Amino acid sequence: MPLSEESPVYGPFFGVMGSVSAIVFSSLGAAYGTAKSGVGIAAMSVMRPELIMKSIIPVVMAGIIAIYGLVIAVLIAGKIKAPESYSLYQGFIHLGAGLSVGLSGLAAGFAIGIAGDAGVRGTAQQPRLFVGMILILIFAEVLGLYGLIVGIYLYTRES
């Protein structure tokens, strides 16, 4: 099939950018969440070293955010084809799916990092805060899950 207005040579660029933005932004969010929570864990563990393993939960939850980006990035990369058989519509859909997952993962990672840092420090002083910290982290994590759901919905759209 020759190149046309529906399938220009630059069409796959947008699909590749969707894949890249999914993994890059979600990984940035996961890295921030891990680093910020890790600082809180390090500060807390000086006074209460027995709580270190219990305080790892925000780090694990931040890592899951990167997995969301990885999943959608691999799905999008698997659908990218030569410009002749890849429409501009598909490229834009894949860009939207990648940005949805990536940017929501970035926001979720920031939320997990800030809430995790404060939560582990607070739990060291008052152990009853642990359940509240977990609930807040779940609400932060679900922001990334919303982006994944929208990204998968966009990904499955047909032209």
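Helices (H or I, at least four residues) and strands (E, at least two) are DSSP runs, numbered from the N terminus. The structure described here is a predicted model, in which local features need pLDDT of at least 70 and side-chain atom pairs count only at pLDDT 80 or more, while totals for chains, interfaces and linings use all residues. Residues are numbered from 1 along each chain as its sequence is written, and side-chain values use heavy atoms, with hydrogens and water left out.

Under these terms, the protein chain holds four helices and zero strands, and its pattern along the sequence reads α-α-α-α. The chain is more spread out than a compact globule, because its radius of gyration is 19 Å, well over the 15 Å that the globule rule gives for 159 residues. Here the radius of gyration is taken over C-alpha atoms, and the globule rule is 2.2 Å times the number of residues to the power 0.38. The C-alpha trace spans about 70 × 20 × 15 Å along the principal axes of the protein chain.

Next come surface and contacts. Of the 159 residues in the protein chain, 42% are buried; buried means under 20% relative accessible area, exposed over 50%, and partly exposed in between (1.4 Å probe, protein chains only). The accessible surface comes to about 8,200 Å², and 75% of this surface belongs to carbon and sulfur atoms. These areas come from the Shrake-Rupley method with a 1.4 Å probe; for residues, only the protein chains shown count as cover. Among contacts (heavy atoms within 4.5 Å) with a separation of 6 or more, 84% involve residues 24 or more positions apart. As for charge, the mean positions of the 8 positive and 7 negative charges are 17 Å apart. Lys and Arg count as positive and Asp and Glu as negative, with His and the chain ends not counted; each charge is placed at NZ of Lys, CZ of Arg, CG of Asp or CD of Glu.

An unreviewed entry carries the annotation "domain: V-ATPase proteolipid subunit C-like" for residues 17-76 and 95-154. UniProt positions are given in the numbering used here, feature names are shortened, and annotations may be inferred rather than shown by experiment. In the model, residues 17-76 are 85% helix and 0% strand, with end C-alpha atoms 10 Å apart. Residues 95-154 are 95% helix and 0% strand, and their end C-alpha atoms lie 9 Å apart. The unreviewed UniProt entry also gives the annotation "transmembrane region" for residues 12-35, 56-80, 92-117 and 129-155. Of these spans, residues 12-35 are 100% helix and 0% strand, with 34 Å between the end C-alpha atoms, whereas residues 56-80 are 92% helix and 0% strand, with 37 Å between theirs.

Phe14 belongs to helix 1 (residues 11-47). Leaving aside neighbours within four places in sequence, Phe14 is in contact with Leu88, Gly91, Phe92 and Leu95. Phe14 and Gly98, 84 residues apart in sequence, are separated by 9.9 Å from C-alpha to C-alpha.

Ile57 is part of helix 2 (residues 57-79) and counts as partly exposed, at 30% relative accessibility. Not counting residues up to four places away in sequence, Ile57 touches Phe130, Ile134 and Leu137. The C-alpha atoms of Ile57 and Leu137 are 8.8 Å apart in space, although the two are 80 residues apart in sequence.

Ala140, in helix 4 (residues 129-155), counts as buried because its relative accessibility is 5%. With residues up to four places away in sequence not counted, Ala140 touches Ala108, Ala111 and Ile112. Between Ala140 and Met61, 79 residues apart in sequence, the C-alpha to C-alpha distance is 9.3 Å.

Finally, Lys54 sits in the loop between helix 1 and helix 2 and counts as partly exposed, with 38% relative accessibility. Lys54 and Pro8 are 46 residues apart in sequence, and 53 Å lies between their C-alpha atoms.
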